[in-house]
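Here are my notes on the model you sent.

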Amino acid sequence: MKASGGTDEQKRRAGESAAALVEDGTTVGLGTGSTAAYAIRALGRAVDDGLDVRGVPTSFASRQLAREVGVPLVSLDEVERLDLAIDGADQAACGDLIKGGGAAHAREKVVAAAADRFVAVVDPSKVAAALDRPVPVEVLPDARTTVAKHVRDRDGDPVLRAAERKDGPVVTDNGNVVLDCEFGELVDPEPLAADLAALPGVVEHGLFVDLADEVHVGTDDGVRVRELSPTGD
């Protein structure tokens, strides 16, 4: 369930602002989605100009784009550490994020958590006072029914994400399905994040709590950068 809104120019500014943080000799996590794609393209241009960088893709889509623009790639298990990860978000509030509109949030979270610095890139339409979008939850196919029941027991409304151009559900790069779970406004998302992570059959959920170090918001006339403390203040 991808979030709509924002202009290409706003997304470009946010993505290129984060890409400008990449230094020579670093390893960078490459996020998924339209805003992160601008960062990948900017890195491709920098590589053409001589930048030495290695990218760790979070999805098939980010891998393909990075190859197209010439960013050298490695897998996460080939590196000891990541210097930086750059990724978009479906919603950002006080440094906490909802991700998973592209159904790549499991790999995105692994890469973001492994990075010394995680920079989220968004347009103004993704910024909110509190998270209130449905939370994507990647589940093992055989666990869909039981996980959905647990979500309803927590006053959530789970909906199996359907594919747009084929019959049946969306299938992630990991071979799983996604439940988009509506919980209303999340003033404090941390308890829900812990509850969802503990459910048997859940591979990963789209609540990114206390992971982002910076949020770059592309606007019509520039970029607003919010640097975050460990508590999100």
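1. Terms first. Buried means under 20% relative accessible area, exposed means over 50%, and partly exposed lies in between (1.4 Å probe, protein chains only). Helices (H or I, at least four residues) and strands (E, at least two) are DSSP runs, numbered from the N terminus.

2. Basis. This is a predicted model, where local features need pLDDT of at least 70, side-chain atom pairs count only at pLDDT 80 or more, and totals for chains, interfaces and linings use all residues. Residues are numbered from 1 along each chain as its sequence is written, and side-chain values use heavy atoms, with hydrogens and water left out.

3. Helix H3. This helix spans residues 60–69, and its buried residues are Ser 62, Leu 65 and Ala 66. They sit on the same side of H3, because their arc around the axis is only 100 degrees (taken from the directions from the helix axis to the C-beta atoms). Arg 67 and Glu 68 are exposed, on the face turned away from that buried side. The buried residues pack against strand S1 (26–30), helix H2 (34–48) and strand S2 (53–57); contact means heavy atoms within 4.5 Å. Gly 70 follows H3 and has a positive phi, near 90 degrees.

4. Strand S7. How many of the five residues of S7 are buried? Five of the five in this strand (residues 135–139) are, so S7 is largely enclosed by the rest of the structure. Val 135, Val 137 and Val 139 point one way, while Pro 136 and Glu 138 point the other way. Note that Glu 138 is buried too.

5. Partners of S7. Two strands pair if DSSP finds at least two bridges between them. S7 pairs with strand S9 (residues 177–182) over five bridges, in the antiparallel sense. Strand S10 (residues 202–205) also runs antiparallel to S7, joined by three bridges.

6. A three-strand sheet. S4, S5 and S11 form an open antiparallel sheet, in the order S4-S5-S11. S4 (91–93) and S11 (207–208) are the edges; each has a single partner strand, so one side of each lacks a neighbour in the sheet. Three bridges join S4 to S5 (residues 96–98).

7. Cysteines. The structure holds zero disulfides, a disulfide being a pair of cysteine sulfur atoms within 2.5 Å. Cys 94 is partly exposed, at 45% relative accessible area. Cys 181 is buried, at 0% relative accessibility.
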